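Have the sequence and the model open as you read.

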Amino acid sequence: MAELPALIEDLALILMVAGVVTLVFKKLKQPLVLGYIVAGFLVSPHMPYTASVVDMSNIHLWADIGVMFLLFSLGLDFSFKKILKMGASPVISVICIIFAMSLLGVIVGQSFGWSRMNCIFLGGMLAMSSTTIIYKAFDDLGLRQQQFAGLVMSVLILEDILAIVMMVMLSAIASGNNPDSGQMLGSVMKIGFFLVLWLVVGIFAIPLFLRRVRKLINNEVLLIVSLGLCCAMAVFSTKVGFSSAFGAFIMGSILAETIEAERIEKLVEPVKNLFGAVFFVSVGMLVDPQILIDYALPIFVLVMTIIIGQAIFGSISFMLGGESLKSAMRCGFSMAQIGEFSFIIASLGLSLGVIGDFLYPVVVAVSVITTFLTPYMIRLATPAYNALEPHLPTRLIKMLNHLSMSRPNTTEQSKWKRLLIQMSINTIVYSILSIAVIALMLTFFHPIMIQMFQEEWYGPAITGVITIILMAPFLRAMVMKKNRSEEFKALWKESNRNRLPLIFTILFRIMIAVNFVFYVISYLTHFGSAILITVGFVAVILIIMSRSIKRRSILLERLFINNLRSRDIEAQVRGRKKPLYEGKLLDRDIHIADFDVPFNSMWMGQTLKQLNLGRKYGVHISSIMRGGCRLNIPDGDYIIFPGDKLQAIGSDDQLTKFRNAIENDVLGEDYELEKREMKLRQFIIAQDSPFIGKTLEESGIRSRYSCMVVGMEEGKENLSSVGPKRRFEEGDILWIVGEQEALDALMLAHQ
């Protein structure tokens with residue numbers, strides 16, 4: 001027989017050990033991530049008492065794929081629209097946390113005399129709290145529906161996004177021997193350019209493609225298409241200088257705006273779990289016990305830095321974001337750990353060869369310790385607040401605790417500010433699209449034209465005309481969009497002094513459009529600057545006046561907006577969209593949360609009046625989502641069905657009690673399911689049987705022995721049914737179904 005490849009042997013060893021270890025961790029109610037890390041340590045060369053992985057390079061390859069799929073799944077659960085709706089509060093909090101924790105990491109690294117790159121990467125690792133671990137801890141502690149938990153998850157989403165940006169930044173820093181501010185700024189601009197370009201083009205093209213082939217796609221095809229798009233974007237991302245993980249995340253974010261997002265997320269989850277497990281196991285393989293012993297002091301210092309730093313600076317950051325002192329402390333204490341993104345950043349540093357081999361196992365050890373402490377830190381927040389409150393001035397406590405109450409729901413902006421922001425965003429987006437068109441045409445199309453037409457001016461002329469035609473809708477939208485907006489009209493009518501600045505905004509955008517045309521023509525021809533500027537200005541005026549270009553511009557914009565809103569539209573149609581008033585409840589001690597009715601719930605079949613949820617738990621059921629329908633303001637006669645999604649309104653304490661009730665009021669699991677197997681047995685009524693002369697009901701076969709007569713044999717091809725008045729006689733042959741124990745009891749009584 002042929003030998004198995006080393007990759008298959010290694011994979012079998014990894015999955016077998018990981019399966020056993022994760023079962024133990026599941027039993028101990030610990031995060032599975034830690035189980036994977038322990039499994040990796042057990043199969044690593046550093047553990048001499050167990051079998052070890054043979055080919056580490058193959059495992060690292062699978063681990064890289066795992067990182068890619070982890071970030072792809074993260075992108076599927078992310079929406080840029082959600083970030084925009086969050087407001088400034090979580091943005092302020094996450095920026096302050098990342099800055100403070102990164103600075104602490106650099107300071108700690110320098111205090112131990114580590115190299116500059118080690119310190120910079122350490123700062124990035126300490127700034128990234130673990131979304132997976134915190135979500136799991138909230139779920140285990142029954143806090144997921146509480147208001148502060150929602151804010152923490154919002155900050156974690158933003159933190160994950162900034163982690164992607166940080167990875168690109170760290171790659172740029174690592175590529176230079178002495179990176180300066182200009183290189184940093186160039187990296188940020190490059191990230192922003194491709195981020196906007198990919199999102200705009202992706203949200204325009206991919207939903208359109210999926211809509212066209214929707215009738216042809218089943219789950220299998222959708223999985224293959226999704227993973228294909230993920231891998232294609234990962235490859236494209238590496239081609240332009242970013243990581244494959246960054247491209248995978250962007251593709252996930254694009255697919256998150258499609259109607260198929262939830263299906264894709266469910267289909268991709270097993271793939272993500274498999275490769276993600278290999279990644280975390282590969283992390284555990286790098287744990288060297290000798291390094292942990294040698295670096296015991298730095299590990300202890302880093303653990304204390306994370307715990308104390310997040311408790312203090314995390315709480316302050318959330319207060320700067322507008323939270324009360326108590327809420328801010330609960331949020332800050334919850335984030336006192338590092339996890340998967342810290343491992344990913346450490347992997348990046350190792351792959352680039354810019355950090356020491358000791359740093360990875362040190363960070364893994366710190367993550368393991370802080371992860372174990374996470375539930376205790378979450379529980380410690382309220383006692384810490386209660387202990388701190390008596391030592392603070394009453395006036396300060398009152399001001400901090402009511403800070404979030406006085407926070408306005410919306411920010412009033414001046415008309416000028418709103419208009420200029422909208423114009424700036426439009427100008428940036430359409431400029432990026434125009435640059436992309438120019439780059440594609442001059443890089444790929446122009447050489448083809450030169451080869452096709454030997455005459456010197458034919459090729460460049462065709463390239464220039466087609467490039468300007470393709471750019472035309474973007475240039476027109478850049479110049480004309482927002483010129484008829486409410487803010488523009490109001491400012492125009494408000495005062496004559498506003499008219500000159502408003503005209504200047506139009507002229508400024510016209511000049512930007514002229515520059516694009518000027519660049520294309522100057523690249524392809526050798527005319528003088530005066531002629532080129534004149535031609536560019538005339539071309540832009542013709543573009544603005546063209547009705548066909550106007551129709552194309554409006555059509556493209558409407559198609560993009562419809563694609564962007566397709567998931568929201570689908571949610572509204574199917575009744576899954578949350579009520580608009582939900583956000584208005586967040587500034588008080590009351591909010592709305594979703595709860596799924598388990599399929600083994602003891603509530604099923606009961607009405608809301610019978611359950612009396614308002615009196616028992618103080619919550620109000622505002623809606624019931626059942627299938628694709630939303631039942632708003634249900635009355636007491638509504639019956640609860642398994643699988644219903646209940647939207648409940650209440651305070652944190654009320655929703656916690658309600659959550660515990662809905663999860664605990666379930667039918668007990670049958671641990672002896674094998675004994676419940678139903679068996680069919682022939683039963684002949686003997687002359688001394690107690691059933692002679694009795695009807696089926698009088699015999700008690702069903703009521704007393706929990707068995708069922710399925711028919712009686714009378715010599716016919718099929719069994720005959722036993723009528724309710726038919727009395728049993730000697731020699732009747734019955735066929736009875738029941739559990740083994742019930743059948744044995746029936747036979748014993750018959751004897």
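Two residues are in contact here when they have heavy atoms within 4.5 Å of each other. Please keep in mind throughout that this is a predicted model.

With that term in hand, let's begin at Leu 255, which lies in helix α11. Leaving aside neighbours within four places in sequence, Leu 255 is in contact with Phe 72, Leu 76, Ile 206, Leu 210, Ser 226, Leu 229, Ala 261 and Ile 264. The C-alpha atom of Leu 255 is also separated by 8.4 Å from that of Gly 202, a residue 53 positions away along the chain. Is Leu 255 buried or exposed? At a relative accessibility of 0%, Leu 255 counts as buried, because the cut-off for that class is under 20%.

Eleven of the twelve residues of α11 are buried, so the helix is largely enclosed by the rest of the structure. Among the buried ones are Phe 246, Phe 249, Ile 250, Met 251 and Ile 254, and Gly 247 and Gly 252 are in the list too. The length of α11 can be checked as well: at 1.5 Å a residue, the twelve residues 244-255 should span 16 Å, and the end C-alpha atoms are 17 Å apart, which agrees.

Now step back to the whole chain. The protein chain has 29 helices and seven strands. Of its 751 residues, 46% are buried. Its accessible surface comes to about 39,100 Å², with 63% of that belonging to carbon and sulfur atoms. Among contacts with a separation of 6 or more, 78% are between residues 24 or more positions apart.

Not counting residues up to four places away, Ile 37 touches Phe 280, Val 283, Gly 284, Phe 343, Val 364 and Val 368. Ile 37 and Val 278 are 241 residues apart in sequence, yet their C-alpha atoms are 9.7 Å apart in space.

Next, look at helix α5, residues 88-111, where you will find Ser 93. What does the side chain of Ser 93 reach? It reaches the backbone oxygen of Ser 317, at 3.3 Å. Ser 93 is buried, with a relative accessible area of 1%. Beyond its neighbours within four places in sequence, Ser 93 is in contact with Val 155, Ser 317, Phe 318 and Gly 321.

A word on the cysteines: the count of disulfides comes to zero. Cys 96 is partly exposed, with a relative accessible area of 24%, whereas Cys 331 is buried at 0%.

Most residues other than glycine have a negative phi. Ile 633, in the loop between β3 (629-632) and β4 (645-650), has a positive phi near 45°. Ser 706, in the loop between α28 and β6 (708-713), likewise has a positive phi, of about 55°. Ile 633 is exposed, with a relative accessible area of 67%, and Ser 706 counts as exposed at 57%.

Finally, a look at confidence. The mean pLDDT of the protein chain is 80, and 87% of its residues reach 70 or more. Over residues 404-413 the pLDDT stays under 50, and the model has 13 contacts for this stretch beyond four places in sequence. Over residues 578-588 the pLDDT is also below 50, and that stretch has 22 contacts in the model beyond near neighbours in sequence.

Technical notes
Residues are numbered from 1 along each chain as its sequence is written. Side-chain values use heavy atoms; hydrogens and water are left out. Helices (H or I, at least four residues) and strands (E, at least two) are DSSP runs, numbered from the N terminus. The expected span of a helix is 1.5 Å times one less than its number of residues. Buried means under 20% relative accessible area, exposed over 50%, partly exposed in between (1.4 Å probe, protein chains only). Accessible areas come from the Shrake-Rupley method with a 1.4 Å probe; for residues, only the protein chains shown count as cover. A polar contact is a pair of N or O atoms within 3.5 Å; within protein, one must be able to donate a hydrogen and the other to accept it, and residues adjacent in sequence count only if both atoms are side-chain atoms. A disulfide is a pair of cysteine sulfur atoms within 2.5 Å. pLDDT is the predictor's confidence in each residue, from 0 to 100.
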